[in-house]
Amino acid sequence: YAQDFGLTTNRFEKISKKTITDKNSIIVRDNAKCILCGDCVRACDEIQTVAAIDFAYRGFEAQVVPSFEEKLENTECVFCGQCVAYCPTGALAIRNDVDKVYKAIEEGKYVIGMIAPAVRASLQEEFGMEDDIAMAGRMVSILKMIGFKKVFDVAFAADLVAYEEAHEFMERLENGEKLPQFTSCCPGWVKFAEQYYPEYLPNLSSVKSPQMALGAIIKKYYAREIGVNPEDIVLVSIMPCTAKKFEAEREEFEGDIDIVLTTRELVKIFKATGIDIKMVEPESFDRPYGLSSQSGLSFGKTGGVLGSVVKVIEDKVNVKSVNTREIAQGVNLTEVELENGKVVRGVAVFGLGNVRKVISDIKEGRLNADVVEVMACNYGCIGGGGQPYPNDVRTR
Ligand code: SF4
């Protein structure tokens with residue numbers, strides 16, 4: 001099933017920096033607004049340990065490249081967008097792709113939207129609503145009013161991804177190879193692994209992220225089913241994530257996703273309509289990619305992918321017990337005791353600085369793990385760089 005529908009990729013085994021595209025900046029800098037507060041440096045260097053931004057120098061050629069001169073594309077930047085969330089003046093911003101959506105609608109393209117799980121809860125907060133129960137439905141309604149033909153739920157693809165990842169993991173466990181298996185649905189983490197831990201690339205799951213899996217299904221299968229030329233479809237992925245813009249532009253994904261909007265860009269579109277979101281009658285996601293389990297929805301937060309994989313394992317083999325506990329800041333350990341007495345150890349870690357510690361513990365034998373879920377952002381995608389700014393961080 002996975003291969004038929006294009007859900008897997010072999011890129012993780014052979015990728016090198018050369019295949020990373022260098023398109024328009026995803027993170028845009030306006031140095032005239034910079035007040036040298038250093039918040040971006042702390043977010044990048046100290047928390048994420050990426051060192052794409054520094055006070056004096058930045059980038060691969062740190063000795064020769066003066067501060068503020070180098071494009072972030074030419075540095076180790078993983079596009080997690082955490083620097084943008086911390087910048088108090090707007091000197092760092094995410095590329096705005098809203099106009100591309102308006103243009104596609106104006107040109108009469110078959111515009112399809114797909115919404116990630118983490119977007120709905122933050123939109124509820126942004127619009128001061130008490131709950132997010134009908135938020136997904138309200139988003140569908142407004143997007144349809146604007147001119148979207150269909151709106152699908154990325155949580156549907158998250159379920160598929162969890163299912164495929166669990167199968168891949170069970171196979172690796174049985175054969176005792178390419179373990180621990182690392183998740184590959186966070187593009188910030190994938191780029192981080194390519195740059196700093198290439199020896200672990202074969203250990204990354206071959207399953208695409210939910211965004212790219214659903215993109216492949218829609219462009220390669222659904223288009224045929226509805227009799228629309230894939231060239232006429234403009235697929236708009238709505239994500240909490242800035243790195244997803246980068247992921248969609250990677251050469252190996254063949255342009256399955258046309259435009260990625262962050263939650264903040266979606267908020268801009270909604271506000272521009274002047275529609276009071278609280279008054280909007282909710283509509284269901286379109287079928288067939290409108291259904292998901294609670295596990296699919298939980299992809300938006302740390303531990304969600306691992307939890308979903310564990311649920312699939314529970315469904316496939318008899319499990320005696322499942323226990324989860326925090327073992328360090330940003331790191332949770334889940335122990336799954338199988339019927340035969342074997343204990344499967346899953347680690348969920350968020351924040352790239354924490355990831356370095358986990359990998360060093362695995363390498364030096366201090367931590368035993370069979371499967372590792374990695375999310376680059378704080379608490380997972382819910383803390384993504386494309387989410388509305390927390391009130392205590394952003395003043396503007
Ligand atoms: Fe994107 Fe989520 Fe990874 Fe952050 S944790 S870079 S929001 S996929």
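Reply: Start with the open sheet of four strands, which runs in the order E4-E3-E6-E7 with parallel pairing. The edges are strand E4 (150–153) and E7, each pairing on one side only. From one strand to the next, the twist averages 25°. Keep in mind that this is a predicted model: local features need pLDDT of at least 70, side-chain atom pairs count only at pLDDT 80 or more, and totals for chains, interfaces and linings use all residues. Residue numbers run from 1 along each chain as its sequence is written.

A few terms before going on. Helices (H or I, at least four residues) and strands (E, at least two) are DSSP runs, numbered from the N terminus. Two strands pair if DSSP finds at least two bridges between them. In general, the strands of a sheet pair through backbone hydrogen bonds, either parallel or antiparallel.

Now go strand by strand. Strand E3 (residues 110–115) and E4 are joined in the parallel sense by four bridges, and Gly 113 sits opposite Val 151 in E4. Helix H9 (residues 210–226) packs on this sheet, where it touches E3, E4 and E6, and its direction makes about 160° with that of E6. Touching here means contact, that is, two residues with C-beta atoms, placed from the backbone, within 7 Å. The angle is taken between N-to-C directions and runs from 0 to 180 degrees, using axes that are lines fitted to C-alpha atoms, for helices over the stretch in contact.

Which way do the residues of strand E7 (residues 259–262) point? Ile 259 and Leu 261 go one way, Val 260 and Thr 262 go the other, and all are buried. Buried means 20 or more other C-beta atoms within 10 Å of the residue's own, exposed means 12 or fewer, and partly exposed is in between, with C-beta atoms placed from the backbone.

Zooming out, the protein chain has 14 helices and eleven strands, and 49% of its 396 residues are buried. Of the contacts between residues at least 6 apart in sequence, 71% join residues at least 24 apart. The chain is divided into domain 1 (11–16 + 97–157 + 209–293) and domain 2 (25–94), with bounds from an automatic or database domain assignment. Five residues of domain 1 and seven residues of domain 2 take part in the contact. On the domain 1 side, H10 gives the largest share, three residues.

There's another open sheet, of five strands, in the order E5-E11-E10-E9-E8 and with mixed pairing. Strand E5 (181–182) and strand E8 (319–328) each have a single partner strand, so one side of each is left without a neighbour in the sheet. E8 and strand E9 (residues 331–338) run antiparallel, joined by eight bridges, with Asn 323 opposite Glu 335 in E9. H14 lies across E9, strand E10 (343–350) and E11, at about 150° to E10.

Helix H8 (residues 187–196) has eight of its ten residues buried, among them Trp 189 and Phe 192. Its buried residues pack against helix H10 (243–248), helix H14 (352–363) and strand E11 (371–375). Gly 188, one of the buried residues in H8, is also among the closest residues to the ligand, along with Cys 186, Cys 241, Cys 377 and Gly 384. In total, 13 residues surround the ligand, each with its C-beta atom, placed from the backbone, within 6 Å of it. By class, that shell holds nine nonpolar, three polar and one charged residues. Nonpolar covers Ala, Val, Leu, Ile, Met, Phe, Trp, Tyr, Cys and Pro, charged covers Asp, Glu, Lys and Arg, and the others, Gly among them, count as polar.

The peptide bond from Leu 179 to Pro 180 is cis, with omega near -5°, and Pro 180 lies in the loop between helix H7 (154–175) and E5. Another cis bond joins Arg 287 and Pro 288, with omega about 10°. Tyr 379, in the segment after E11, has a positive phi near 65° though it isn't glycine. Tyr 379 counts as partly exposed because it has 16 C-beta neighbours inside 10 Å.
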